[in-house]
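Please look over the model shown here before reading the points that follow.

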Amino acid sequence: MTEMTPVTDTSLATKAVPALPDAQKVTEVKHYTDRLFSFKMTRPVSMRFRSGEFVMIGLMGDPNPETGKVKPLLRAYSIASPSWDEELEFYSIKVQDGPLTSKLQHIKVGDEVILRPKPVGTLVHDALIPGKRIWFFATGTGFAPFASLLREPQTYEDYDEIIITHTCREVGELTYGRDLIEALKDDELLNEVIGEGFWKKIKYYPTTTREESPKMGRITDLMRSGEAFEDLGVPPLNPESDRAMICGNLAFNLELKEMFEDYGLVEGANSNPQHYVVEKAFLD
Ligand SMILES: Cc1cc2nc3c(=O)[nH]c(=O)nc-3n(C[C@H](O)[C@H](O)[C@H](O)COP(=O)(O)OP(=O)(O)OC[C@H]3O[C@@H](n4cnc5c(N)ncnc54)[C@H](O)[C@@H]3O)c2cc1C
Ligand SMILES: NC(=O)c1ccc[n+]([C@@H]2O[C@H](COP(=O)([O-])OP(=O)(O)OC[C@H]3O[C@@H](n4cnc5c(N)ncnc54)[C@H](OP(=O)(O)O)[C@@H]3O)[C@@H](O)[C@H]2O)c1
């Protein structure tokens with residue numbers, strides 16, 4: 001990490017930072033709940049990425065009490081916007097005592113956010129072999145890479161059916177994903193680029209676990225009981241037709257992986273495309 005010179009006003013790192021080498025300007029901020037928000041920023045012209053990948057973003061940290069030096073405080077973030085978009089979008093948690101998000105949650109349009117433009121990740125089409133149906137399994141902010149892939153033309157070129165499941169504790173935590181999927185229908189650019197009515201291939205399956213909603217329960221339990229497949233009108237996953245991407249907390253990822261092995265699906269990677277891929281939505 002590059003060391004930066006001390007700044008004078010350290011009360012709000014975003015304001016105190018002078019021109020940073022990797023800084024981008026915030027162009028939009030939306031708050032959904034007291035724990036969730038999304039924001040957009042400018043995209044370096046030279047930055048290329050594959051829909052589904054993540055980058056390191058952040059703010060300047062507090063000064064070291066001994067040396068007075070400040071360093072960038074960076075965290076991994078899935079890029080929520082598709083690879084063709086001229087801006088970058090992110091969907092973020094607000095951890096009240098989190099080193100980064102306790103500050104990041106206060107960003108405003110015009111502020112600067114540090115972006116290390118070196119995208120990586122396993123939730124990419126290149127890591128899967130051809131199939132008929134693709135499943136995106138998310139909990140919480142694990143929806144972010146799928147916000148990118150749901151706006152990626154290749155998703156619709158490669159698959160006849162796209163199933164997105166999103167499990168959250170509370171109803172309000174589904175808003176970002178639900179609004180995004182709803183907006184696909186009226187998005188003129190996407191209907192033109194991907195093909196009129198492309199969104200009809202999507203089956204959206206939101207569930208909550210701690211607040212009443214039309215579909216309650218963890219997706220894992222709903223799959224084990226067969227209820228999810230019945231609701232969606234599809235058979236359980238099988239290696240011939242189904243491909244999947246998983247992005248959630250560690251326990252969720254591990255539980256689904258175990259279920260997938262029982263279905264006969266094999267985990268893939270960039271270097272070895274297979275039936276499914278997994279990425280953590282955050283480190284525990
Ligand atoms: C590959 C990867 C991609 C990621 N993509 C995103 C993303 O798109 N959006 C996002 O908000 N975060 C994402 N994260 C998590 C992110 O890197 C940070 O952990 C998060 O921004 C909180 O930073 P912090 O410094 O405030 O707290 P940290 O010290 O990083 O985390 C404190 C604690 O908060 C909890 N926590 C952290 N992140 C989350 C989260 N996203 N949801 C629920 N609880 C969490 C964990 O229990 C963690 O131990 C990703 C992490 C990884 C590894
Ligand atoms: N969301 C909140 O309102 C809230 C508020 C304050 C603090 N926090 C803290 O923030 C952290 C992250 O919370 P989060 O709600 O964003 O994420 P989370 O704990 O990962 O939960 C997100 C969703 O995933 C489900 N889930 C968890 N493990 C699963 C598994 N193995 N299989 C299937 N589904 C699984 C949860 O169901 P269950 O509900 O059944 O676990 C919940 O619906 C936690 O440490 C939490 O204590 C959260």
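**Notes on the ligand sites**

1. The shell around ligand 1 is made up of 12 nonpolar, five polar and three charged residues. Here Ala, Val, Leu, Ile, Met, Phe, Trp, Tyr, Cys and Pro count as nonpolar, Asp, Glu, Lys and Arg as charged, and the others, Gly among them, as polar.

2. On the basis of these notes: this is a predicted model, in which local features need pLDDT of at least 70 and side-chain atom pairs count only at pLDDT 80 or more, while totals for chains, interfaces and linings use all residues. Residues are numbered from 1 along each chain as its sequence is written, chains are lettered from A and ligands numbered from 1 in the order in which they are written, and side-chain values use heavy atoms, with hydrogens and water left out.

3. Which residues are the closest to ligand 1? They are Ala 76, Tyr 77, Tyr 91, Thr 101 and Thr 141, out of 20 that surround ligand 1 (a residue is near a molecule if one of its heavy atoms lies within 4 Å of it). Strand S4 (72–78) and strand S5 (87–93) each give at least two residues to this shell, and S4 has the largest share, with four. Strands (E, at least two residues) and helices (H or I, at least four) are DSSP runs, numbered from the N terminus.

4. Domain 1 (23–120) and domain 2 (125–280) each contribute at least three residues to the shell around ligand 1. The domain bounds come from an automatic or database domain assignment.

5. A nitrogen atom of ligand 1 is 3.0 Å from a polar backbone atom of Ala 281. The protein buries 80% of the 870 Å² that ligand 1 exposes when taken alone (accessible areas come from the Shrake-Rupley method with a 1.4 Å probe).

6. Around ligand 2 there are 15 residues, the closest being Arg 35, Thr 209, Arg 210, Asn 249 and Glu 255. They divide into seven charged, five polar and three nonpolar. H9 provides the largest share of this shell, three residues.

7. How far is an oxygen atom of ligand 2 from an N or O atom in the side chain of Arg 210? The distance is 2.6 Å; for the side chain of Arg 169 the corresponding distance is 2.8 Å. A nitrogen atom of ligand 2 lies 2.8 Å from a side-chain N or O atom of Glu 255. Of the 860 Å² of accessible area that ligand 2 has on its own, the protein covers 70%.

Key: A polar contact is a pair of N or O atoms within 3.5 Å; within protein, one must be able to donate a hydrogen and the other to accept it, and residues adjacent in sequence count only if both atoms are side-chain atoms.
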